Amino acid sequence: KVYTDYFFDEPAFNTHDGGYIPLVTPKVAPQPLAVPPLLKPDKQTATDDYYTVKAEASETQFLPGKKTKTWGYNAGFLGQTIVFRNGKHTHIDLKNALPELTTFHWHGLNVPGPITDGGCHAPVYPGKTNHIDFDVMQPAASIWLHAHPCPSTATQVWKGLAAMVIIKDDVEDQLPLPRNYGVDDIPLVLQDREFHEDNQFNYRADYDPDGVQGHTALVNGTVNPYFDVTTQRVRLRILNGSNRREWRLHFNDDLAFAQVGSDGGIMPSPVYMTHLMITCAERDELVLDFGKYQPGDEVTLMTDDTPLLRFRIKDYTPDDTTLPEHLVDIPEEKPTPGLPVRKITMDGMDEQVAMDGKKFDMQRIDARQKVGDVAIWEIRNTNSTKNGMVHPFHVHGTQFRVLARNDGPVYPNEHGLKDTVGVNPGETVRIQVKFDLTGVYMYHCHIIEHEDGGMMAQIESYDPDHPKTYHLMDMETL
Ligand code: C2O
Ligand code: CU
Ligand code: CU
């Protein structure tokens, strides 16, 4: 079966927003897609990896003329791609070379909150270096790193503080998937930006409490990119790294593709489709097969009617590898008996956004869940079905299962592990959540202006036999 629709509710698409900013096709000659280099470890042993991640200010040539002032991780804009391996103990020096405080949040990584996780309680002050170390203990996946200081996550990500992180493991190593990084295994960070005078960003000028958008699409920071295809099959690790934009992906000729991975890793089975909508912070891993094209052909990845990335077909060796029906097993876990269902609401739009009727407070722990318990959460988007928006719900420190949408089936590509799920207006999405580690974790809407605007709360994963107290920052003392 090949799915041909976007799954989400059409009346809730951001195109219907009063403040919607349409993408325009840039008047810049096509440029080769930037593929971020892999970050070199400082040191590697059989059991341990050591990295230094430096947040720094720089300038980036997006457009002809003046360079744009940008921020990045070991890079001018965005960051070098960081590779973790399941089972390894990983040490990272977090260096802040920016003129203001930042945090290093590992979105999708199962590590202790609130410090290692890098949410807003883990500031790294300008000129300082913090150290974290943790065990990587989750399957192969495409996760990401981004800044998370409250309430300026949105401005820092807009300047460029976001990077792809790839987790590898022995299971994924054995699957017939492309994995030659930069050749047939390509990260694609999708973002949009507005360029003002002298090609500069001006976040304040573009501010919209329902999420900031720009007219220009960037893929890995490249305007109007093309990619030269030199293998029949290509794997894309797509990250929606936009503050607010949803991307509705399809090819100009409706080429069908396979989705093989979601936020938390490889899915149980590939899902074949021609159209895919990705909401903020989600990741989708796709495998494309260019076998029907000849050298010299071009096929274009689009979002709505705007070209995003042109694939120029070059000479390639025929490759008849097919994807197996079954990719990986995801452990089935039964909900812990006797637990009440946790009900959560995502409320409002614009400045009115809230979580469970309340604005975020860094000092308030909103909920508690025993470490290791498997709990059912019901997340309801209380927006009106007529003019509400899709709110992407994200939880730190865990990968969850999506069980139901309005008591009905989940979308066909939601059978794998997820850390972010788009909830349609008026809809209730049921998920199953387990924390393996103790800590304080945030959960929020991943339209970043909604997160900064208070559609966020925090939960403590606790061990009754080893109670802990946490030093929670507040906005004043930061
Ligand atoms: Cu992408 Cu609170 O995180
Ligand atoms: Cu996160
Ligand atoms: Cu939202």
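Predicted model: local features only at pLDDT ≥ 70, side-chain atom pairs only at ≥ 80, totals over all residues.
Along its principal axes, the C-alpha trace spans about 65 × 55 × 50 Å. Of the 478 residues, 48% are buried. Contacts also reach across the sequence: among those between residues at least 6 apart, 78% join residues at least 24 apart.

The secondary structure of the protein chain consists of three helices and 33 strands. Seven of the strands form an open sheet with mixed pairing, in the order 1-19-18-21-16-13-14. Strand 1 and strand 14 are its edge strands, and each pairs on one side only. Strand 18 and strand 21 pair in the antiparallel sense over three bridges. In this part of the sheet, Gly261 lies opposite Glu285 of strand 21.

| Strand | Residues |
|---|---|
| Strand 1 | residues 2–3 |
| Strand 14 | residues 216–219 |
| Strand 18 | residues 257–262 |
| Strand 21 | residues 283–289 |

As for confidence, the mean pLDDT of the protein chain is 97. A pLDDT of 70 or more is reached by 99% of its residues. For the complex, the predictor gives an ipTM of 0.99 and a pTM of 0.98.

Key
Residues numbered from 1 in each chain as written. Chains lettered and ligands numbered in written order. pLDDT = per-residue confidence, 0-100. Pairing = 2+ DSSP bridges. Helix = DSSP H or I, 4+ residues; strand = E, 2+ residues; numbered from the N terminus. Buried ≥ 20, exposed ≤ 12 C-beta atoms within 10 Å, placed from the backbone. Contact = placed C-beta atoms within 7 Å.
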